[in-house]
Amino acid sequence: MTFVEAAPAKINLYLHVTDRRADGYHCLDSLVVFAGAGDVLHYQPGETPLTLKLAGRFGAVLGEDAAGPDNLVIKAANALRTQAGPKAAVRGGTLVLEKNLPVASGIGGGSADAAAALRLLDRVWGVQAAQADLLRLAEGLGADVPVCLLSHTARMEGIGEVLSAAPALPECGLVLVNCGQAVSTPAVFRAREGGFVPRAALPERWENAQALVSTLQSLENSLEAPACALCPTVEKVLHDIAAQPDCLMARMSGSGATCFGLFPSVLAAEQAAARLADAHEAWWVWGGALREGA
Ligand SMILES: C[C@](O)(CO)[C@H](O)COP(=O)(O)OP(=O)(O)OC[C@H]1O[C@@H](n2ccc(N)nc2=O)[C@H](O)[C@@H]1O
Ligand SMILES: Nc1ncnc2c1ncn2[C@@H]1O[C@H](COP(=O)(O)OP(=O)(O)OP(=O)(O)O)[C@@H](O)[C@H]1O
């Protein structure tokens, strides 16, 4: 029997760098949402050692060498193994990671995969770890892994480990565009210039997509300017998304280079995505809804 777990893309609707810790990590304030787009993790339990295979458009980009012990999926499995009590049925077998999301692209691909591995193996191995323990394991795997473990809209603070409920989101359409250039997260943080940005003041809810956008427009992604300096194509991507009919706003997610557009409806987002994909065959383009229940 094969078990399947979705690893949805995360999008930072805004991201303020509010401070810098003594160890070099940056304190953030970010509204994180999840898309209908994502990687998919498949697991067939067996008695062989646990192995990982990469599939999908971006599996080929990562290459077979990336399926080793440094892959965040394997790191997550090993971390969970240490958490498993004597009653858990930790098994080997085969994991197949269908990589549909571009790599090193600011939408948390690797983090979402690690979180999916924690959720799936916790269930199938019967570890049944407490949520607080899973969050602690997630934290050890990367700053974005805790929020990806939840995989629903949340406000993210600290360096990523402080998660709280976010205002309810209105219905809207989402477009994601990546130009194909990998951007390194540490390099973008290093390239950041200027001071810090205060924590945002958010309302309790937004009546509609336009209201959400007017709040977001008063906020920023503090990593957008340094990412544009490292990867100037990001500016072209932002321009082309914003030029689509009905586009309410365009911004970069995380440390880039993926940018998102918000639209008043899922249909408008799908139509914009189709036009962008036609115009730029080399770009990865996705249009649709926020993740159900997100
Ligand atoms: C930019 C975001 O994507 C926003 O959601 C995340 O903060 C990055 O999360 P991530 O890719 O899981 O990050 P990690 O793999 O933990 O860290 C990669 C590197 O990014 C820098 N980093 C990351 C997170 C953070 N809050 N401050 C940082 O300065 C550090 O140099 C770190 O060594
Ligand atoms: N399962 C994985 N999928 C993608 N990359 C992985 C994975 N495991 C390890 N990596 C490594 O992690 C690096 C960052 O990839 P990832 O796609 O997670 O970045 P990202 O989209 O910028 O994430 P974030 O938005 O969290 O900063 C890659 O260069 C790759 O070498």
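Predicted model: local features only at pLDDT ≥ 70, side-chain atom pairs only at ≥ 80, totals over all residues.
Local features need pLDDT of at least 70 and side-chain atom pairs count only at pLDDT 80 or more, while totals for chains, interfaces and linings use all residues. Residues are numbered from 1 along each chain as its sequence is written, and chains are lettered from A and ligands numbered from 1 in the order in which they are written.

The protein chain falls into domain 1 (3–163) and domain 2 (173–289). These bounds come from an automatic or database domain assignment. Taken over C-alpha atoms, the two domain centres are 23 Å apart. At the interface, 22 residues of domain 1 are in contact with 31 residues of domain 2. Contact here means that the C-beta atoms of two residues, placed from the backbone, lie within 7 Å. On the side of domain 1 that touches domain 2, strand S1 (3–20) and strand S2 (26–46) each supply at least two residues. The largest share, ten residues, comes from S1. Helices (H or I, at least four residues) and strands (E, at least two) are DSSP runs, numbered from the N terminus. By class, this side of domain 1 has twelve nonpolar, eight polar and two charged residues. Ala, Val, Leu, Ile, Met, Phe, Trp, Tyr, Cys and Pro count as nonpolar; Asp, Glu, Lys and Arg count as charged; the others, Gly among them, count as polar.

The UniProt annotation "domain: GHMP kinase C-terminal", from an unreviewed entry, covers residues 209–279. UniProt positions follow the numbering used here, feature names are shortened, and annotations may be inferred rather than shown by experiment. The span 209–279 is 56% helix and 13% strand, and its end C-alpha atoms lie 26 Å apart.

Two ligands were examined. Ligand 1 has 18 residues around it, and Gly142, Ala143, Asp144, Ile159 and Gly254 come nearest. A residue counts as near if its C-beta atom, placed from the backbone, lies within 6 Å of the molecule. S1, S2 and helix H6 (185–191) each give at least two residues to this shell. The shell has seven nonpolar, ten polar and one charged residues.

Ligand 2 is surrounded by 17 residues, the closest being Leu72, Gly109, Gly110, Asp144 and Gly254. Helix H2 (72–83) and helix H3 (109–124) are the elements that give two or more residues to its shell. H3 provides the largest share, four residues. Five residues of the shell around ligand 2 are nonpolar, ten polar and two charged. Both domains again contribute, with at least three residues from each.

The largest nonpolar core has 84 residues. S2 gives the most to this core, nine residues. Domain 1 and domain 2 both give residues to the core, so it lies between them. Such a core is a set of buried Ala, Val, Leu, Ile, Met, Phe, Trp, Tyr and Cys residues joined through C-beta atoms within 7 Å. Val73, Ala76, Ala115, Ala117, Leu118, Val175 and Leu176 touch the most other members. Beyond neighbours within four places in sequence, Leu118 is in contact with Ala76, Leu80, Leu134, Leu137, Ala138 and Leu149.

Asn78 lies in helix H2. Asn78 is partly exposed, because 14 other C-beta atoms lie within 10 Å. A residue is buried at 20 or more such atoms, exposed at 12 or fewer, and partly exposed in between, with C-beta atoms placed from the backbone. Asn78 and Tyr14 are 64 residues apart along the chain, and their C-alpha atoms are separated by 33 Å.
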